[in-house]
Amino acid sequence: MVNGRGRRAREAQARGRSERVFHTLQDRLTKELALAGITAMAEANAFLHDVYIPAHNKRFAIKPEQEGSAFVAIPGVDLDEILCIQEERLVGNDNCVSFNRLKLQIPESPLRPHFVKPNVKVRRYHDGAYAIFHGPRCLGRYDHNGMEVDRQKAARIRSAVARTKAEAADNSCAT
């Protein structure tokens with residue numbers, strides 16, 4: 001900050017300051033490629049893999065103080081429900097929602113006889129699965145083809161995927 005006002009990183013003074021403070025290599029890759037005389041994509045990929053990334057890792061890598069994963073689970077928070085694509089849709093007269101060229105049929109519900117015309121939220125998850133929500137209530141879960149998935153089966157699949165992700169993260173940190 002200068003005189004109580006922040007400077008944008010695009011300004012030379014702010015940019016130089018951040019590079020000095022954080023020892024970063026902002027904007028260096030294009031300059032390194034130019035210095036090496038690289039103009040083709042294949043050459044650039046080889047340069048990244050063989051020269052640039054190893055040099056960057058050698059300069060900035062820090063050995064962890066402890067073994068194992070540094071990630072901590074957040075109790076009571078399902079990140080898959082947060083880190084998804086969510087869009088609002090209007091339920092059609094056929095009790096279906098159109099999303100990504102799929103027709104998602106809302107199953108029978110004890111909440112209402114039908115869901116024709118209300119706005120619902122459709123969520124698309126990282127694994128390609130879908131879910132329809134009306135307020136906080138999940139009306140249905142679907143696979144990547146738009147076929148309804150049994151709710152208990154969907155919960156088992158999601159917890160198995162979460163365990164697999166956690167194990168993969170632990171294994172990648174251990175190597």
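Reader: Which residue does Arg89 form a salt bridge with?

Author: In this predicted model, Arg89 pairs with Glu87, and their closest N and O atoms are 3.0 Å apart.

Reader: How many salt bridges turn up in the whole structure?

Author: A search of the whole structure finds five. One of them links Glu81 with Arg123, where the closest N and O atoms are 2.4 Å apart. Because Glu81 sits in helix α4 (residues 79–82) and Arg123 in strand β4 (residues 119–124), this pair ties together parts that are 42 residues apart in sequence.

Reader: Where does Glu81 stand on accessibility, and Arg123?

Author: Glu81 counts as buried, with 17% relative accessibility, and Arg123 counts as buried at 15%.

Reader: What about Lys103?

Author: Lys103 forms a salt bridge with Asp94, with 3.5 Å between the closest N and O atoms. Lys103 counts as exposed at 52% relative accessibility, whereas Asp94, at 40%, is partly exposed. As for networks, salt bridges with shared partners join Glu81, Arg123 and Arg141 into one.

Reader: Switching topic, how do α2 and α3 pack?

Author: Helix α2 (residues 28–35) and helix α3 (residues 41–60) pack at an angle of about 105°, with axes 11 Å apart, and they are therefore roughly perpendicular to each other. The contact involves Arg28, Leu29, Glu32 and Leu33 of α2, together with Ala44, Phe47, Leu48 and Tyr52 of α3. By class, that is six nonpolar, two charged and no polar residues.

Conventions. Residues are numbered from 1 along each chain as its sequence is written. This is a predicted model: local features need pLDDT of at least 70, side-chain atom pairs count only at pLDDT 80 or more; totals for chains, interfaces and linings use all residues. Side-chain values use heavy atoms; hydrogens and water are left out. Axes are lines fitted to C-alpha atoms, for helices over the stretch in contact, and angles run from 0 to 180 degrees between N-to-C directions. Helices (H or I, at least four residues) and strands (E, at least two) are DSSP runs, numbered from the N terminus. Angles under 35 degrees count as roughly parallel, over 145 as roughly antiparallel, 65 to 115 as roughly perpendicular and the rest as oblique. Contact means heavy atoms within 4.5 Å. Ala, Val, Leu, Ile, Met, Phe, Trp, Tyr, Cys and Pro count as nonpolar, Asp, Glu, Lys and Arg as charged, and the others, Gly among them, as polar. A salt bridge is a side-chain nitrogen of Lys or Arg within 4 Å of a carboxyl oxygen of Asp or Glu. Buried means under 20% relative accessible area, exposed over 50%, partly exposed in between (1.4 Å probe, protein chains only).
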